[in-house]
Amino acid sequence: MIEIAIEQLYFDKANPIATGLNACFTKGHLFYIYGRNGIGKTTLFKTLAGLHQGFKGQITIEGITLSDFSTQERARKLAFMFQTETVYPFFKVHEYLELANIPYDKNDSINDEFKSYVIKGLDLEKHLDRYLKELSQGQFQKVKLATCLLQMTDYIILDEPFAHLDLVQKERMNHFIQELVKEKNKCVILSTHHFDLDFKNNNHTLCLTSTQLTGLTNSENSKEKLIQLLCAD
Amino acid sequence: MKSYGLVIAIIMLLSGCNTPNDKQTSIEKNQWSPKYAKGFSFEKKDGITYLNIKNPWPGSIYTQQFALISKEKDLKKASTAIKIPLKRWATSSTSHVGFAQELDEINSLKAISRTSYVSSKDVQNRIENNEIRELGQSNQPDVEWMISNQIEAFFNFSIGDNSAEFTVLEKAGVPVIYIGEWSEQHPLARAEWIKVFGLLFDKQKQADSIFLKIEEDYLQWSERAKTQDTSPKIISGSLYNGIWYAPQKDSYMQKFYEDAHLDYIWKDLEYTGSLQLDMEFVFGTAKNASIWLNSSEFQSIEPLMKLHPLIPKLSAVQKNKVYNTLKTNSSKGVLFYEKGVVRPDLVLKDLIQIGHPQLFKDHKLQFFAKLDR
Amino acid sequence: MSIKTSHTRLFLYLILGLIVLFCTNVFLGSIHISIEEFFRGLYDASSTNHLIIHAVRIPKALSSILIGIGLGLAGFLMQILFRNPLSGPYVLGVTTGGSLGAALFILGSALFSFGFIHPKFGIPLFSSLGSLAVLAMILVVYKRIKDPMTLLITGILFSSISGAVISLLAYFSSAERLREFVFWSYGSTHLMNTYELFLLALSCVLCFVFALKNAKPLEAFLAGDVMAKTLGVDVDKIRFQIIIFTGLTVGVLTAFAGPIAFVGLVVPHISRQILKTSNVRLQLISVSLIGSLFVLACDVVATLPGSALSLPINAVTSIIGAPILLFIVIKTKRFIF
């Protein structure tokens, strides 16, 4: 379980971007995080990745403080997918996927069964031998997600994984992630803007505002509540 | 006795009158061209003598002409006039020092570029006593100093047109004379420029007789060398980073070698400019050359041999006949570029001594030094 | 890592090419030697050509190979470090530092006196010191500001400063010294004795081994800083190590061979065109092979076989390298990395 208790998230101490972030993320659950653009979702995720140091508070993973993990240990516990910077276009898809081996220092620590499960689930079989530069944005997005998953971590944090995907692709990816959470007992935290709120099973919806991280419960007017929260900022 | 003396005097006078004009700078004639040099000539018009410098720099399109005025009243007649004899002059080149030294005009030299490169002991003494001023870089001499210190003429040399930089001098009334002895290809041609200096210091007769002696000795010694049976093979140049840089064909040095009856190994290579030769080629063609005129700054053979594994195999190295242009100890100057320019006869004698040591047994090398082991 | 048969075939061709080019380089020179004389010269110590082959040509060919490997590796690592296709081994400014060191020794004797140190020893010594000084300064800056862009700018700054000091030294030096310095800056594959070849080989090996051991993290680098970090790569440490190993290799190369242009810039690009993979292990081998082929080929051209003259290696690598780079850029239609 990841426990966050962040009083302040900031770039500059005088102007915190977000305050009062308290939450628990457990395995076997999926967390959708909503929030206005620029509110700090990516920054929060980067903090979890150890890429952002500006925060006041505590983050623990299974009881151990985040900062006590070495980079490699953290890479074996948490996997991230960000909207990346430009990347080397001559990666072949299967080579890019193999980057997931890196935290394990071995060339083939990825379980073959799991690997084919992920590749199939994200419809990547046909693309394995293509170069990244030949892919569409949506396809590349899926490749990134696949690499992230192949890191074989318990906790997976995704920053806007549905960006660049058409409706069908988005549905399938959503479905696949839910399946993953349920069948492989993973914990997935993702940020999104899509409004099809889903409360079934172990899916949770949270909204990040500048003053808090609120969880929404399943009710008739949960969508309105969400919109209200979002507009409040 | 007295009558004999008179007869001899008359004969000498008569022979003086009959001396062919190319041996004497006779200013009575209207046009006079030097025998060997190509870069200058003299002219007389309306009672004024003119000095013509034909190519102030290679490729220039015009000639310099200076009116040489000895009387104050004539100064206004010509636009570019030089008042002779010069009493205060400056130069950018140490070779000019060589000419001046021969004519005993060191005391009138007031400033020179790069004083640390002067070889002449007399001039060095004057420099140390602050009687000669440092002018700085040869392409950017201290023009202001020259103007404010009544320099009457600035002797310059140039490989290209940088005359614009000196207009300020000319406007201030300091003529800039481009001495082009360095572009002459014959050793005697370079020495002949002493006549220009002679004219400017009003010492024509002295200049003439000095040159005459130089020419005579040069030709005589060359004849003697050419009677020798052997013509030792000579190479020149030095190695940098595996490439051998040798001086170009048809140059000044080549003439020296010929006249000293030395066989320059690469005289038939058809390239202009200086040569960059591969060490393999050097070894292949020149390993049997018995003399090496080295152009680096090493003073002994040891460090030379470390430059390349093939160097110790050169015959000249094994026979210990490697020479260098001598540097005087107290300065960075090279005598060869100073006195050597005006005294090609002595340079020739050095080369003959190196190649045919049996001819001038008592001669001590002045311009070249043997690298010792 | 899967080595496909196509890759193996490619490497085989490259190695074959290397052997052929090596033999060509040793066989050709400014003196024409027939095949028969050549073999005699190889084995018979008393033959006249023996010395030329063993003392001149073979060391020259070996140093060409090592220079190619060193520069190829350095260029490759720099392009990964900065994720920039225009990076070459010189982008850190280490080479200009080396030039400054050499300039101090060659030109500076007007201002300082070095007693008598033989140039064969003095130039590499001073050049290495110059390279080390710049490398140290860059590492100090890097420790404080860990941004690659800053590193790039710092490298350019140090290059400019070094260049300015060299100009000053040149301005006040004599014509002979200036000429010597200019000749040094032409670069040279000649005159590497066993000791120098050994040092050169050592630095290439160290650089290669380092890159091999860190092949995966280097690949992660290509995917971006953020991605690399989330994969557990200690990005700062790896960058630091890249700077050190590249700096040392380039420093040693410059000390013994002078600055040689274009090789480090163009060889990784050629390698990427031929071997279209991001696999760092494969690229390392490819870059080393192509690097040595390139410099050997340039050296054959520079020797101008059969002629007495020879060209400076720098001119040849630039004249051959620049059009190749241009061709690659045009072929891929944009200067992507």
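Predicted model: local features only at pLDDT ≥ 70, side-chain atom pairs only at ≥ 80, totals over all residues.
Residues are numbered from 1 along each chain as its sequence is written, chains are lettered from A in the order in which they are written, and side-chain values use heavy atoms, with hydrogens and water left out.

The interface of chain B and chain C was examined with contact defined as heavy atoms within 4.5 Å. Chain B contributes 29 residues to this contact and chain C contributes 32 residues. The size of an interface is often given as the accessible area lost when the parts come together. Between chain B and chain C the buried area (accessible area, 1.4 Å probe, that two parts lose on being put together, summed over both) is about 2900 Å², and carbon and sulfur atoms give 60% of it. Of the area that chain B buries against chain C, 24% is supplied by Y240(B), N241(B) and E280(B), more than by any other three residues.

One of these residues, E280(B), also takes part in a salt bridge, that is, a side-chain nitrogen of Lys or Arg within 4 Å of a carboxyl oxygen of Asp or Glu. Its partner is R57(C), with an N to O distance of 2.7 Å. The rule finds 1 salt bridge across the interface of chain B and chain C. There are also 3 residue pairs in polar contact between these chains, both residues at pLDDT 80 or more. A polar contact is a pair of N or O atoms within 3.5 Å; within protein, one must be able to donate a hydrogen and the other to accept it, and residues adjacent in sequence count only if both atoms are side-chain atoms.

On the side of chain B that touches chain C, at least two residues each come from β12 (243–246), β14 (275–278), α10 (279–286) and α11 (301–305). Helices (H or I, at least four residues) and strands (E, at least two) are DSSP runs, numbered from the N terminus. The most is given by α10(B), with 4 residues.

The contact between chain C and chain A takes 26 residues from chain C and 28 residues from chain A. The area buried there is about 2500 Å², of which 62% comes from carbon and sulfur atoms. In chain C, α9 (215–222) and α10 (225–230) each supply at least two residues of the side that touches chain A.

Over all chains, the whole structure holds 27 salt bridges. Within chain A, the side chains of D129(A) and K92(A) form one, at 3.8 Å, N to O. D129(A) lies in the loop between α4 (112–121) and α5 (137–150) and K92(A) in the loop between β6 (78–81) and α3 (93–98), so the pair ties together parts of chain A that are 37 residues apart in sequence.

Two backbone features were found in chain B. Most residues other than glycine have a negative phi, and most peptide bonds are trans. The peptide bond from I84(B) to P85(B) is cis, with omega near -5 degrees, and P85(B) is placed in the loop between β5 (81–83) and β6 (89–91). N130(B), in the loop between α3 (121–128) and β8 (133–134), has a positive phi near 60 degrees.
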